[in-house]
Amino acid sequence: MDSTRYGYYSSDSLFTNSNSTRTSIDSNENFLSVNCGPTLVNSCISFGNGTLEESRLDMLQQIANRVHRDSLGCEDKLILARNALQSDSKRLESGLQFQNEAEIAGYLLECENLLRQQVIDAQILIDGKYYQADQLVQRVAKLRDDLMALRNECSSIYSKGRTLMTTEQTKMMISGITQSLNSGFAPNLNPALNSGLPQSLTPSLTSSSLTSGLSSGLTSRLTPAVTPAYTPGFPPRLIQNYVTGVDTNALQAFKLMQIRKPLMKSAFVGQNITEEEVNMKFVQDLLSWVDEMQIQLDRTEWGSDLTSVESHLDNHKNVHKAIEEFESSLKEAKISEIQMTAPLKLSYAEKLHKLENQYAKLLNTSRNQERYLDTLHNFVSRATRELIWLNEKEEEEVAYDWSERNSNITRKKEYHADLMRELDQKEEIIKSVQEIAEQLLLENHPARSTIEAYRAAMQTQWSWILQLCHCVEQHLRENTAYFEFFNDDKEAMDYLKNLKDAIQRKYSCDRSSSLHKLEDLFQESMEEKEQLLQYKSTVAGLVGRAKAIIQLKPRNPDSPLKTSIPIKAICDYRQIEITIYKDDECVLVSNSHRAKWKVISPSGNEAMVPSVCFTVPPPNKEAIDTANRIEQHFQNVLTLWHESHINMKSVVSWHYLTNEIETVQAGNVASIKTLLPGEHQQVLSNLQSRFDDFLEDTQESKIFTVSDIAQLEREVNVCKQYYQELLKSAEREEQEESIYNLYISEVRNIRLRLENCEDRLIRQIRTPLERDDLHESVFRISEQEKLKKELDRLKDDLEVVTDKCEEFFSQAAGSPSVPPTLRSELNVVIQNMNHIYSMSSIYIEKLKTINLVLKNTQGAEALVKLFENKLCEEDTLTSDKSNIENLMGTLKQWRSEVDEKREVFHALEDELQKAKAISDQMFKTHKERDLDFDWHKEKADQLAERWQNVHSQIENRLRDLEGINKSLKYYRDAYKTLDNWIQQIEDTQRKIQENQPENSKALAKQLNQEKMLISEIETKQNKIDECQKYSEQYSASVKDYELQTMTYRAMVDSQQKSPVKRRRMQSSSDFIIQEFMDLRTRYTALLTLLTQYMKFAGDSLKRLEEEEV
């Protein structure tokens, strides 16, 4: 070999420094092909048979001792790792956290490094024909098997409950892809080592064993992009060094193909050899060059990122150019064939023919590789561009300020709308890139690992950006409600302050205020009171909204937390340190960083998580305090209005009283005689009534003092005495009118009593009942029956007065001194009595009907809640068919019970119809609107709607369970068939491999059997895909059913206003998917095992055939 490609090293420089030989998996490939090839061993023994032979044997003995020493160290570390794993396994069974994961990882990493060195040493011992090489190889093989068994056990234990990739790690996906793909072991070991290793070791020393490394052993479920960067327990730099062994850029440059130009024919002239010997050496050198280039092309890597792919593409263009230029050397060799003579001519022709065939193969391989690199470069460049765009959008969303400092929600909404439109456009682009990846995989592109890694990275990042969009939408809703609330709060506070100032300014009064102005202001104040009472609903709305306002101040790092607070996850988030699911209640420990928070998950794990994934749920103390201040301010304004109203009312009553006193004092006998019968008493009654009204209105007034009231009382008494004297004087003159006056006084007295009853009745009618209080309804009925009894007594008194008046009218008929006032007032009182009595009867009937409606409503509501609670009971849906059928049977029973209970709602509807008829009668007859019926009607409608929802929920669940049951049957049938078939194939394969072939014929027969098995396995791919389709159908149906159930629970909790914290149920859809994935893994593993065994058996058959020849 030419020294430009292979270096020559002394035994001291190569084997005495153990650090220099403990390279990474990738560097092992180059070390075995460059530094440990046959040339090296030959060079070590080609200098003599004496001292050099002894030096060679001594070197091999040192290597053998090192293999023995490293084997002992590896065994010790495996024992320590197994003990630590057993300890963690017991902790897992007890529900405790792992403690030894990092320690075990360190042991396995050291064993991996020792095993790599032992493989290299075994290669050297076999090449050097060391007498104990076979025993040492057997020992290395056993260590390798023990390491794989322990690593698989670690993967099984530590993968339970571990979420394997976080969306935050997407930022390192591109570099992770590079590191992951650089971790591949040499696809083909030196043939000498393969031939020397026993059957138990050789098939396993491939990329499926030692190539996976520590990261694939402990975290076998990690994606290739994340494994090197986020292996638990190790810094990223350590994992990177473990994967690559050297700097990535230096390793990439080292892996590029080395091009050695073939020697010109003139290089062999002048060595005291004939022309024919020159030609033979020339053609032999050309053959060696073609073989070397073919080996390099076969071992060439494809690159794992855009930079490495471009580097490989540029390098291959130079290689391809050199291969094409080689044709001139081939032509020169053909011309030299003419110069050859026997006996070398025949040998030269054979070599030339072989050279032509090998060159044609080399040229075809180079062209195919250039085509593969072009397609790979196109895909990787497009995928890298889309990943960078997705990462930029992720950074923008994660870094957005959702605290109270940023109130420009409108701008964020516009930006989010633009982003969603961009995502709609990007979806097609990303789909097209994914389709390119699928097409390349279907075409069996050699760079499958790179393509799959980029495809997985794009899918993961796309899913994460969609979750971020969901989080942003929720933040937009909550922040919009937050800022709208505080804006409305400010407006309400300003309104109440202005209203308070207006009341103080507008309704201030004293005894100097004019009566006309006060009457106008009094009327305006009543209208203003109506507005104020209407605004009470706005204040109540703010108080209610305050309870649902989230907290934004914890999102501001300028407001550090004094203590940890609860937060709620609004999306799933997974990383190695922590796993959080949507709606999980976590604890915020530190908000020192705006974009990332230190949180503690429900399981107790602590990590830094993007703050956009969380919302700080109510209560917001600031919002609640603000709403309470507004409510208090509203009460203050209402109190101020009441005080101003009382003051004005007292002044108005004072004006009425003083006017009445002045009127009485201005009267005389002549004026009294001009009064109608009964008006004398009415004057005193009015005076007393005005005084009583004044006393009542001044009880809370701040304008009149006790001395003022006493002075007015003395004036009233003086006025009464003066008027009584006038009456006595007038009585003598109007004896004949005395009876008239007496009767009219009685009639008016009854009228006053009747008006009092009417006021009380109207006040009762216009005062709504407590909405859902049965005791209040019964109490109101009792009070109204008392009022009706009072009306009965008043009606009897009116009949007595009517009889007296009728007798008086018959006796005084035709007398001109009897005016018609008494009869008209009597008729008015009788008419009012009939009106009020009718109104009282209707109102009592209305109260009794509403009482029945309330009883039926409460019964119906209890029935609705009963079935709602049944439907909300937590009963997880398993993959057991009998469980599904039992659940369907329960739902059918509930449906029958629901149908039987419809009469309750029919009875409620009948009572509502009666109440409506009474309400309509009240409005039609007396123009009084029923304030209670609408509420009860609305409540009944809500119960009817909830009852209908119960019925619909039962029907929907029955329909969904039927579909789920059918999908489960299809899946179980397909799964059982495939499971039995795979078990049968595994048994067949095991029997075939147990029969050790004794000769090449038996091995060829066994090889044909393996080919038949592989063909049969490949024909089952459609069945596997069909089974996958059934599993996905079942999973989708179960998730839809569970989503419907969760939605209904949430609706019921919101209606009953007493939500119950429900524990998270394990979905059977995950079990079915995992069961299918296990089946598919077995299928893929079986196919891979047979393919590897075919390759090994083929190599063994070829070797046996050569030995037999």
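Five strands make up an open sheet, in the order S6-S5-S4-S1-S7, with antiparallel pairing. Strands S6 (606-610) and S7 (614-615) stand at the edges with a single partner strand each, so one side of each has no neighbour in the sheet. Two strands count as paired if DSSP finds at least two bridges between them. Strands S1 and S4 run antiparallel and are joined by four bridges. Within S4, valine 587 is the bridge partner of proline 566.

| Strand | Residues |
|---|---|
| S1 | 565-569 |
| S4 | 585-590 |
| S6 | 606-610 |
| S7 | 614-615 |

This is a predicted model, in which local features need pLDDT of at least 70 and side-chain atom pairs count only at pLDDT 80 or more, while totals for chains, interfaces and linings use all residues. Residues are numbered from 1 along each chain as its sequence is written, and side-chain values use heavy atoms, with hydrogens and water left out.

The protein has 31 helices and seven strands. These are DSSP runs numbered from the N terminus: helices are H or I with at least four residues, strands E with at least two.

Helix H23 covers residues 738-766, 29 residues in total. From first to last C-alpha it reaches 41 Å, close to the 42 Å expected at 1.5 Å a residue; the expected span is 1.5 Å times one less than the number of residues. Buried residues of H23 include Tyr740, Ile744, Val747, Leu754 and Leu761. Buried means under 20% relative accessible area, exposed over 50%, and partly exposed in between (1.4 Å probe, protein chains only).

Of the 1109 residues of the protein, 44% count as buried.
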